[in-house]
Each structure stands twice: as structure tokens, then as C-alpha cells.
Amino acid sequence: MKSVQRHLFWLPMAAALSLLTVSCGESRVSQCSKIITIVNQAGNNTKLATNDGKKKDHSAILKAVEAREKAAKELEAVKLTDKKLQEFQLAFVKWYKDTGKTSRDLVNALKKDDQSNIEKLLKNLRSALKQENELVSGINSYCQQSK
């Protein structure tokens, strides 16, 4: 009888431990990998569309925008449990959407030859590039801590 009681005690404990293990979900390393993969792919697609920044015609700019918009959608679909990674996720999505809108506005200003607006939009894009570097450095640093 003691043997049965002992098993009755350990059975719920084992079930609770297995539920706890499953509910913890993906590791931070795995979640980092998902975000970094999407961000790197967006960067590569942008470089391809613009021939590494050498091609600046309207269609190249719009292809780069499409790459960023695709990345934003992919990032939004990623389920994360780590709060800091969720912050990075939202920041990258916002950055992709904001630079996409600014780039589209730039193409329209270029078509209209609106020099004052072109200068303003180029200044905004230069500033956005600094933000991208900060985001990339931040997520890389955070994800390196989890290894």
C-alpha cells in the first residue's frame, strides 16, 4: 500500500513539472534568433534592391521599402515571451514602417522635384539610419548576454 501512496504522490508532481517545463516556451536565444534572422534578411533584401546603396532610382527605393514592410509583417507575427525582446520587436516594426513611409514620401517629392521637402525627408532618413544602428547594437548586446 505504501508503494501505491508513493506513486500517487509523485505522479502529480511529475505532471506539474512537465507542465511547468512546457509553459516556459522558447529560450531567449531562440527568440533572439527569430528576430535577428528577420532583421538580417530585411537588410540583405534592401541592399539587393539598392545594389548596396548605389542604385537610387525610384523603383530601387520602393523595392527597399517593400523589403522593410515585409519584415515588419514578419516581425509582428513572431510570438515572444521575453519582455525586452518584445520591446525590440515593436521598435523594429515601428522603424520599418516609419522609414517606409518616409521613403515613399521621398519618392513622391522626387517625382514632383520638391527640393525643400526632399532635403527634409533625406535628413529624416539619415537620422533613421542612426536609430537602426542603435536598435541593431541593442538587440545584439542583449542577445549576447543570453548565451
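Predicted model: local features only at pLDDT ≥ 70, side-chain atom pairs only at ≥ 80, totals over all residues.
User: What makes the pair of W95 and Y96 edge-to-face?

Analyst: The ring centres of W95 and Y96 lie 5.4 Å apart and the planes meet at 70°. Rings pair if their centres lie within 6.5 Å, and planes over 60 degrees apart count as edge-to-face. The pair is therefore edge-to-face.

User: Why is the pair of F88 and Y142 called tilted?

Analyst: The angle between the planes of F88 and Y142 is 40°, with 6.2 Å from centre to centre. Stacked requires under 30 degrees and edge-to-face over 60, so the rest count as tilted. F88 belongs to helix α4 and Y142 to helix α5, so this pair ties together parts 54 residues apart in sequence.

User: How do you know that W95 and Y96 are buried?

Analyst: Buried means under 20% relative accessible area. W95 has 7% and Y96 has 3%, so both meet the cut-off.

User: What makes R28 a charge over the ring of Y142?

Analyst: R28 lies over the face of Y142, at 4.2 Å from the ring centre. The distance cut-off is 6 Å.

User: Which residues have the most contacts inside the largest nonpolar core?

Analyst: They are I35, L75, L85, F92, Y96 and I139, in a core of 21 residues. Helices α2, α3, α4 and α5 each give two or more residues to this core, and α4 gives the most, with six. F92 touches V39, L75, L135, V136 and I139, leaving aside residues up to four places away in sequence. Ring pairs also link F92 with W95 and Y96 into a cluster.

Key:
Residues numbered from 1 in each chain as written. Heavy atoms only, no water. Core = buried A, V, L, I, M, F, W, Y, C linked by side-chain atoms within 4.5 Å. Buried < 20%, exposed > 50% of the residue type's maximum accessible area, 1.4 Å probe, protein only. Helix = DSSP H or I, 4+ residues; strand = E, 2+ residues; numbered from the N terminus. Contact = heavy atoms within 4.5 Å. Phe/Tyr/Trp six-rings, centres within 6.5 Å; stacked < 30°, edge-to-face > 60°. Lys NZ or Arg CZ within 6 Å of the ring centre and 35° of its normal.
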